[in-house]
Amino acid sequence: LAAAHRLARGPVDITVVDRTNHHLFSPLLYQVATGILAAGEIAPSIRKTLRRHTNVRVTLAEATGIDLDAGHVQVCGVDGQAHRLGYDYLILASGAVDSYFGHDQWAAHSYPMKTLAQAVALRDRILSAYERAAEASDAHAQRDWTSFALVGAGPTGVELAGQLATMARQLHRQFHTINTEQARITLIDAGPHALAAFPATLRAHAHRSLTVMGVDLRLGAQTVDVDDTGVTVQTHHGATDRISARTVIWTAGEAASPLGRLLGEAAGATVDRTGRVAVNADCGLPGHPRAFAIGDVANHNDLPGLAEPAMQQGWYVARRIRAQVAGRPQPGPFRYRDLGTMATISPTDAVADAFGVTLSGLPAKIAWAGVHVGFLAGWGNRAGVLARWAGAVATHTHAEQVILSDRVEFGGRVRRQAVAAPGGVGDGARR
Ligand SMILES: Cc1cc2nc3c(=O)[nH]c(=O)nc-3n(C[C@H](O)[C@H](O)[C@H](O)COP(=O)(O)OP(=O)(O)OC[C@H]3O[C@@H](n4cnc5c(N)ncnc54)[C@H](O)[C@@H]3O)c2cc1C
């Protein structure tokens with residue numbers, strides 16, 4: 001979208017292909033999964049976002065192949081038919097998918113949170129688990145249904161664990177047969193720290209805050225098995241431990257969209273361990289100056305898989321293509337401007353590291369809120385999110401407590417099949 005917005009100002013025709021009809025603002029996904037925000041508030045439609053550009057065509061379709069020599073993308077459209085889309089310039093920005101580190105079978109027993117549908121399915125599961133606990137006949141079953149294990153203590157795991165702890169406190173007033181405040185939230189990671197990419201002081205702050213909130217941190221614990229009743233971990237000393245939880249949330253692994261490998265193989269470019277295609281300094285494919293890969297699907301000097309590099313690359317590639325089309329000199333190589341990173345922990349606590357300055361607690365949370373509302377697409381969405389946050393603070397409740405699934409299937413399999421995207425190369429490893 002960053003590329004399309006910039007490109008659209010030039011004398012070009014643009015086709016934006018996506019298999020979803022919305023632009024997802026991933027940093028607030030955890031708020032959909034825990035019922036603070038409604039799905040649409042963080043996902044404006046792509047058509048609406050690009051409506052002012054009459055030279056942009058939006059196509060709801062799944063890209064399944066790329067022919068670099070012929071200059072076309074193979075897509076499967078909403079009519080179920082295969083089509084070819086010819087291009088003069090190609091920008092691949094198909095993002096990332098879940099990775100289970102070679103244990104794809106764990107996908108059937110855990111809830112990932114990468115897409116909007118997955119976040120809504122997770123919300124259904126969390127709310128259903130409390131309902132199930134409330135109806136359970138013995139304390140043991142109640143305990144299991146109010147136990148949540150999160151695998152992966154990066155920003156997503158930390159944010160979700162903190163919000164689950166907050167939610168457990170807030171649900172206390174709505175459930176009279178169980179004590180939701182005793183919900184057991186376990187955050188598991190193979191590494192020695194939560195928020196490993198942050199400076200040590202911020203890591204320590206996050207660790208303390210989560211512990212005070214009642215989150216059980218299991219660090220240095222490598223997940224070796226996941227099933228419907230919990231997670232088995234192995235410590236560095238080789239001892240195994242079992243963490244019982246009827247809801248396992250997968251926030252650990254990530255791999256590039258399969259289209260990255262496809263493009264890499266077609267161009268003879270290097271594809272790294274996580275499936276990212278290596279690009280030149282100008283984000284172009286070696287030997288194919290009119291094909292670019294940007295964002296999570298590309299490896300540009302090992303930049304992290306974050307929104308900021310993705311957007312900056314989008315703007316850069318648009319500038320480059322416009323210069324080529326206009327016969328102007330090309331801009332120099334892409335340079336990433338690091339704007340820092342942030343993670344939220346609770347409604348009043350966060351950590352932030354930007355331009356050599358570290359913040360924690362309420363000041364970081366205010367900075368976090370400002371940045372995230374600022375980056376959300378559309379003024380309507382920004383106003384809506386601010387109103388929701390004000391409501392959540394004032395009422396101490398989460399507004400979105402609807403269980404959307406028609407069939408409350410507590411084994412979870414029915415719902416997980418329902419949210420899986422159609423088969424094909426665009427599908428992630430987890431499915
Ligand atoms: C839960 C979560 C929280 C995050 N929090 C942060 C954060 O706080 N800060 C931050 O900087 N980054 C964060 N990120 C990372 C950030 O979202 C990504 O780095 C960023 O979105 C990458 O942009 P992208 O354009 O490469 O891919 P994406 O934004 O993932 O977009 C890829 C698009 O391609 C489409 N697509 C994929 N395959 C196909 C196909 N075969 N055919 C058609 N369309 C296809 C998808 O539908 C999607 O719309 C978070 C990610 C997640 C999952």
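**Close-up 1. Helix H10 meets helix H11.** In this predicted model, the axes of helix H10 (residues 362-375) and helix H11 (residues 379-395) come within 9 Å and cross at roughly 150°. Axes here are lines fitted to C-alpha atoms, for helices over the stretch in contact, with angles running from 0 to 180 degrees between N-to-C directions. Helices (H or I, at least four residues) and strands (E, at least two) are DSSP runs, numbered from the N terminus. The crossing of H10 and H11 is right-handed (a crossing is right-handed if the near helix is turned clockwise from the far one by less than a right angle, and left-handed if anticlockwise). Look for Trp368, Ala369, Val373 and Gly374 in H10, which touch Arg382, Val385, Leu386 and Trp389 in H11; contact means heavy atoms within 4.5 Å. Sorted by class, that's 6 nonpolar, 1 polar and 1 charged residues. (Ala, Val, Leu, Ile, Met, Phe, Trp, Tyr, Cys and Pro count as nonpolar, Asp, Glu, Lys and Arg as charged, and the others, Gly among them, as polar.)

A quick note on reading these views: residues are numbered from 1 along each chain as its sequence is written. Since this is a predicted model, local features need pLDDT of at least 70 and side-chain atom pairs count only at pLDDT 80 or more, while totals for chains, interfaces and linings use all residues, and side-chain values use heavy atoms, with hydrogens and water left out.

**Close-up 2. Helix H4 crosses helix H6.** Helix H4 (residues 116-135) and helix H6 (residues 155-171) have axes that come within 12 Å and cross at roughly 40°. H4 and H6 are therefore oblique to each other (angles under 35 degrees count as roughly parallel, over 145 as roughly antiparallel, 65 to 115 as roughly perpendicular and the rest as oblique). Their crossing is right-handed. On the H4 side you'll find Leu122, Ile126, Leu127 and Tyr130, meeting Leu160, Leu164, Met167, Ala168 and Leu171 of H6. This contact has 9 nonpolar residues, no polar and no charged ones.

**Close-up 3. Strands S9 and S10 run parallel.** Strand S9 (residues 184-189) is joined to strand S10 (residues 215-219) by 5 bridges; two strands pair if DSSP finds at least two bridges between them. Between them the chain goes through helix H7 (residues 200-212), and this β-α-β crossover is right-handed (with the strands pointing away from the viewer, the path from the first strand over the helix to the second runs clockwise). Leu187 has Leu217 in S10 as its bridge partner.

Close-up 4. S11 pairs with strand S12 (residues 230-235) over 6 bridges, and Thr223 has Val233 in S12 as its bridge partner.

**Close-up 5. Four strands, S1-S2-S3-S4, form an open sheet with mixed pairing.** Here strand S1 (14-18) and strand S4 (82-86) sit at the edges, and the twist averages 55° from one strand to the next. Strand S3 (residues 72-77) and S4 run antiparallel, joined by 5 bridges.
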